[in-house]
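The following exercises concern a predicted model. Each task is followed by a solution in steps.

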Amino acid sequence: MASEREIFSLSGPLYLTAIDWRNTDHRRSVAASLVQSVYVLERDRQQNRLGPKALAPPWWEFFHFRLIQVSVDNEDQSYFGAIFEYKYPNSHFNYSYYSIHGQNQNPPKYVIAFRGTIAKKDSRSQDYKLDFKVIRNNLHNSSRFHIALQTVQSIVQNYGASDIWLAGHSLGSAIALTIGRDMVLKMGSHLETYLFNPPFASLPIEKIKNEKLKHGIRFAHSVVKAGLVAAVKSHRPDSPHKSDQFTVLSAWVPYLFVNPSDPICSEYVGYFEHREKMGAIGAGEIERIATQNSIRSIISTAIGKESEPSHLLPSAFVTVNLSPPPDFKRAHGIYQWWKPDLQCNCKLYQFR
């Protein structure tokens, strides 16, 4: 039996009958809906809902997209991603004109979306394995990631990076984030990227209510990391310099959507806020080093095993949901991001 969340007419953003592509709330809602459609695609597969019984199509057709490809995991044959192509409802639509006169706020030509974990028997085993890889900074060594990366690279090589979106939720946002980083570092392509509840592999310091204690812990953590980095460099001067990659990545500004009540992604709030506080008290150099490294990556480098902390970002446009949710499920859910009455705080963080 289908849940209400899977049925577009009951749970989708029906108010978006006319999309203003220059409106960031509209763009966020469309991206979140396309990610939700991948969840429903997989549930359609699991429930054998075919043809008119399928629930996924309204999640993209409502916004004038068409499904052109589904990404399938080799391990369990589950659907974890999809490519959507925008179909212009107005036959006289002039894309070049809109690009010039709409401040480059175009509808996307293609959206590549990735779902997160589904705790159902047909998909949870493989999804949980990948969740563990995210925690270990090892997602890039999974077959699902490589399938997704090849898909994105093919689209960019064929059509260019302009007006191509990446979008993902939870585990899917970890995939999208790692791909987005790779596209910048290896191909010089900056894709517009929407990351909903992205996992932050760290201790949940943000859950501490005492602000002074929280800042003290973060300060000590930064000092320890900076000291460890200095020690590793003195013993392994040939180790790669993350500062070079961070500088290259700093021009790429993905959109992060986090809920402070969600321990999976809430650390991003403190990660960016602490960076500003450290600069304000004259400890910017310490934080510049600390913000590029995780304890795990430092230890890995020390023993000669490189571990890239792909969740660490130099720059991002961070949107924080200020509406207190009643439980973890809603704090982490994708559906919060298309609510018309969403109360948010939005801020650009740029690494310098």
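**Exercise 1: A charged residue and its surroundings**

Glu6 has a relative accessible area of 9% and is therefore buried. Determine where Glu6 is placed and which residues it touches beyond those up to four places away in sequence.

Solution. Step one: Glu6 belongs to the segment that precedes helix H1 (8-11). Step two: with residues up to four places away in sequence set aside, Glu6 touches Gln36, Val40, Arg43, Arg49, Leu55 and Trp59.

**Exercise 2: Packing of two helices**

Describe how the axes of helix H6 (residues 143-159) and H7 cross, and classify the residues of their contact.

Solution. Step one: the two axes come within 10 Å and cross at roughly 50°. Step two: H6 is therefore oblique to H7. Step three: the crossing of H6 and H7 is right-handed. Step four: H6 contributes residues including Phe145, Leu149, Val152 and Val156, which meet residues of H7, among them Ile175, Ile179 and Met183. Step five: the residues of this contact comprise 10 nonpolar, three polar and two charged.

**Exercise 3: The nonpolar cores**

Identify the residues with the most contacts inside the largest nonpolar core, and name the helix that supplies its largest share.

Solution. Step one: this core has 45 residues, and Phe114, Val152, Ile179, Tyr268 and Phe272 have the most contacts inside it. Step two: helix H7 (residues 171-187) supplies the largest share, eight residues. Step three: another core, of 34 residues, lies apart from it and includes Ala31, Leu34, Val38 and Phe65.

Conventions: Residues numbered from 1 in each chain as written. Predicted model: local features only at pLDDT ≥ 70, side-chain atom pairs only at ≥ 80, totals over all residues. Heavy atoms only, no water. Core = buried A, V, L, I, M, F, W, Y, C linked by side-chain atoms within 4.5 Å. Buried < 20%, exposed > 50% of the residue type's maximum accessible area, 1.4 Å probe, protein only. Helix = DSSP H or I, 4+ residues; strand = E, 2+ residues; numbered from the N terminus. Axes fitted to C-alpha atoms, helices over the stretch in contact; angles between N-to-C directions. Parallel < 35°, antiparallel > 145°, perpendicular 65-115°, else oblique. Left-handed = near helix turned anticlockwise from the far one by under 90°. Contact = heavy atoms within 4.5 Å. Nonpolar A, V, L, I, M, F, W, Y, C, P; charged D, E, K, R; others polar.
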